[in-house]
Amino acid sequence: MNILIVTHHFLHGNGGGCFASRAYINAFAEMGNVTLLCPMKDGMEPEYIDNRVDIHLVRYDKPRIVKLFDLIIGHIHRYYGIVENILLDKEFDLVVFDASLSSFQQIDIAHRYGCKVIVIHHNYQVEYTRDNMHGFIGKLMTYWVEKCERDAVLKADVSLTLTEDDKYLLHNHYDVHYSRDIRVIGTFEYKNNVLIDLSRKIIDNKRLRFVITGSLSSVQTYESLRIWMGKYLPVLRKDFIGCSLTVAGKNPSEKLKKLCRDLDVDIIPSPLSMEEILLNAEYYICPVDLGGGIKLRIMDGLKAGLPIITHDVSLRGYEMFLNRFVFGYHDEQTFVESLHNMLNVNYTPIDIQKEYSSVFSFKNGMNRLLDVLSDFLV
């Protein structure tokens with residue numbers, strides 16, 4: 001089977017979007033011959049891609065004023081003309097658009113060349129864009145994102161989502177009900193990925209060390225943390241005297257670093273590795289209450305065998321662990337209730353890690369993907 005994958009994500013670094021995209025790309029590489037179109041700019045070369053994948057790097061080196069004009073007229077990706085040229089050059093059975101933003105005005109072209117089409121929706125993109133982009137550009141981007149997402153849902157042979165919530169939101173927002181084929185694929189680890197060695201973890205139930213991790217540069221992370229520290233951090237410290245909190249992640253702003261210093265919260269900017277930070281914590285907090293989709297930072301906590309407390313918005317994709325070692329909240333009262341439940345979990349770190357692997361391993365992700373392909377590639 002010849003597969004063309006067109007991704008919206010830069011495949012460099014450890015961000016949530018590129019982590020999920022690389023897992024999908026490498027899984028498809030187990031099933032057929034993969035040609036990959038991916039964005040490229042200096043210093044952002046693709047990483048951790050299966051060496052069997054034929055990678056075509058696509059630049060978008062235009063002046064900013066031209067990029068703004070492109071956005072105004074709806075040219076919101078770099079693949080116009082390029083996808084069709086690839087399809088002219090080689091025969092493909094399947095075209096996978098990784099994010100609806102990369103599929104706009106390309107699905108009809110793929111169908112014209114006799115290809116089946118899958119679109120992977122990493123989130124309910126309208127919600128994600130609305131929560132992360134503000135001002136004139138944000139409104140303009142949200143307008144085009146909605147058109148792209150609607151087009152993808154209505155025209156793809158199969159749409160894949162990472163969570164049940166995203167599936168529900170796509171069905172209902174675009175008023176397609178259940179006439180379109182939308183399935184939950186989730187996300188998963190890379191092949192042969194080694195989990196954190198928990199034999200090095202010192203377990204002391206008397207310690208109350210909490211950790212928050214993830215990319216710290218996004219609007220949704222900063223705004224969520226700012227509100228959480230004003231509303232929930234005092235509750236945490238009041239109920240658990242002597243507890244400590246560490247915030248660690250990529251590219252925190254000066255505003256966030258100052259906020260942490262002012263509140264006596266340890267902040268570790270852009271650590272080379274999260275492993276030691278996670279091993280030195282007993283409990284994991286995800287305060288993000290903005291943006292759609294699955295929050296992959298929670299996967300980091302589970303891989304480290306940590307019980308999780310998270311805002312309900314970030315529970316998406318982890319419902320199978322709810323009230324066992326993942327606990328949700330939406331206000332101060334439910335935050336306190338979940339904190340006390342979390343401190344009384346009966347799962348050991350190794351138990352949590354095993355439960356995590358039973359859902360998010362590469363093998364399980366491959367099985368879910370094979371189920372999709374076996375149904376409609378006949």
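In this predicted model, strand 8 (residues 209–213) and strand 11 (residues 283–286) run parallel and are joined by two bridges, where strands are counted as paired if DSSP finds at least two bridges between them. Helices (H or I, at least four residues) and strands (E, at least two) are DSSP runs, numbered from the N terminus. Strand 12 (residues 308–311) runs parallel to strand 11 and is joined to it by three bridges. Tyr-283 and Ile-285 point one way from strand 11, whereas Tyr-284 and Cys-286 point the other way, and all are buried (under 20% relative accessible area, with a 1.4 Å probe and protein chains only). Together with helix 12 (residues 297–303), strand 11 and strand 12 make a right-handed β-α-β unit, that is, with the strands pointing away from the viewer, the path from the first strand over the helix to the second runs clockwise.

An open sheet of seven strands, with parallel pairing, has the order 3-2-1-4-5-6-7. Strand 3 (54–58) and strand 7 (182–184) stand at its edges, each with a single partner strand, so one side of each is left without a neighbour in the sheet. On average, and with direction ignored, neighbouring strands of this sheet are turned by 20 degrees against each other. Within the sheet order, strand 1 (residues 2–7) and strand 4 (residues 94–98) pair in the parallel sense over five bridges, and Val-6 has Phe-97 of strand 4 as its bridge partner. Helix 7 (residues 164–173) lies across strand 5 (116–121), strand 6 (158–161) and strand 7, and runs at about 165 degrees to strand 7.

The axes of helix 5 (residues 125–132) and helix 6 (residues 135–155) come within 9 Å and cross at roughly 170 degrees; axes are lines fitted to C-alpha atoms, for helices over the stretch in contact, and angles run from 0 to 180 degrees between N-to-C directions. Helix 5 and helix 6 are therefore roughly antiparallel to each other (an angle over 145 degrees). Their contact (heavy atoms within 4.5 Å) is made by Gln-125, Val-126, Thr-129 and Arg-130 of helix 5 and by Met-141, Thr-142, Val-145, Glu-146 and Glu-149 of helix 6.

Residues are numbered from 1 along each chain as its sequence is written. Local features need pLDDT of at least 70, side-chain atom pairs count only at pLDDT 80 or more, totals for chains, interfaces and linings use all residues, and side-chain values use heavy atoms, with hydrogens and water left out.

Key: Parallel < 35°, antiparallel > 145°, perpendicular 65-115°, else oblique. Buried < 20%, exposed > 50% of the residue type's maximum accessible area, 1.4 Å probe, protein only.
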